[in-house]
Amino acid sequence: MASANPFLKALRRLGASNAELESEARQKIVQSAGATMVGELQDRQWARLRGTISVLTMKPRSGTPWLEAEFNDGSGTVTLIWMGRRAIPGITAGRELTVSGRVSYVDGQRRLYNPYYELIAG
């Protein structure tokens, strides 16, 4: 009932930090796109996600390059890993995209290996 009161909504927004407001805005975009929220992912679930790459690194494993991206949608983060890639055209930090693949939990962290991706025009 309190969430329906516009005065209480406005008061809560005034007390929210910029990070909380940005997170809420990202989650609304995810919901409107019909994508799954990162915070709701289960192990071995096939998912379609929409969000932004916050960190992009290249980590070699046993001499093979692995391109790793920290992907955030406002509800949580997942690590995207492209094995055998040093770079992918269009994949940069700050880039918004849609990814899909099977989620794996490794050492308590969510990961998608070699996900399909679509760049979102910005």
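## Basis of the model

This is a predicted model, in which local features need pLDDT of at least 70 and side-chain atom pairs count only at pLDDT 80 or more, while totals for chains, interfaces and linings use all residues. Residues are numbered from 1 along each chain as its sequence is written, and side-chain values use heavy atoms, with hydrogens and water left out.

## Overall architecture

The secondary structure of the protein chain comes to two helices and six strands. Helices (H or I, at least four residues) and strands (E, at least two) are DSSP runs, numbered from the N terminus. Along the sequence, the pattern is α-α-β-β-β-β-β-β.

Of the 122 residues of the protein chain, 33% count as buried; buried means under 20% relative accessible area, exposed over 50%, and partly exposed in between (1.4 Å probe, protein chains only). Among contacts (heavy atoms within 4.5 Å) between residues at least 6 apart in sequence, 48% join residues at least 24 apart.

## Strand pairing

Two strands pair if DSSP finds at least two bridges between them. Strand β1 (residues 46–61) pairs with strand β2 (residues 64–72) in the antiparallel sense over nine bridges, and threonine 57 has glutamate 68 in β2 as its bridge partner. These two strands form a hairpin with two residues between them, and serine 62 in the turn has a positive phi of about 55 degrees.

Strand β1 is also joined to strand β4 (residues 96–106) by seven bridges, and the two run antiparallel. Here glycine 51 has leucine 97 in β4 as its bridge partner.

## The nonpolar core

A nonpolar core is a set of buried Ala, Val, Leu, Ile, Met, Phe, Trp, Tyr and Cys residues joined through side-chain atoms within 4.5 Å. The largest one has 17 residues, of which Leu49, Phe71, Val78, Leu80, Trp82, Val99 and Leu112 touch the most other members. At least two residues of this core come from each of β1, β2, β3 (77–83) and β4.

Serine 100, found in strand β4, counts as buried because its relative accessibility is 17%. With the exclusion of residues up to four places away in sequence, serine 100 touches Trp46, Ala47, Arg48, Leu112, Pro115 and Tyr116. Its C-alpha atom is separated by 6.5 Å from that of tyrosine 117, 17 residues apart along the chain.

## Loops with positive phi

Most residues other than glycine have a negative phi. Arginine 44, in the loop between α2 (18–33) and β1, has a positive phi near 70 degrees. Aspartate 107, in the loop between β4 and β5 (109–113), has a positive phi near 55 degrees. Aspartate 107 counts as exposed because its relative accessibility is 74%.
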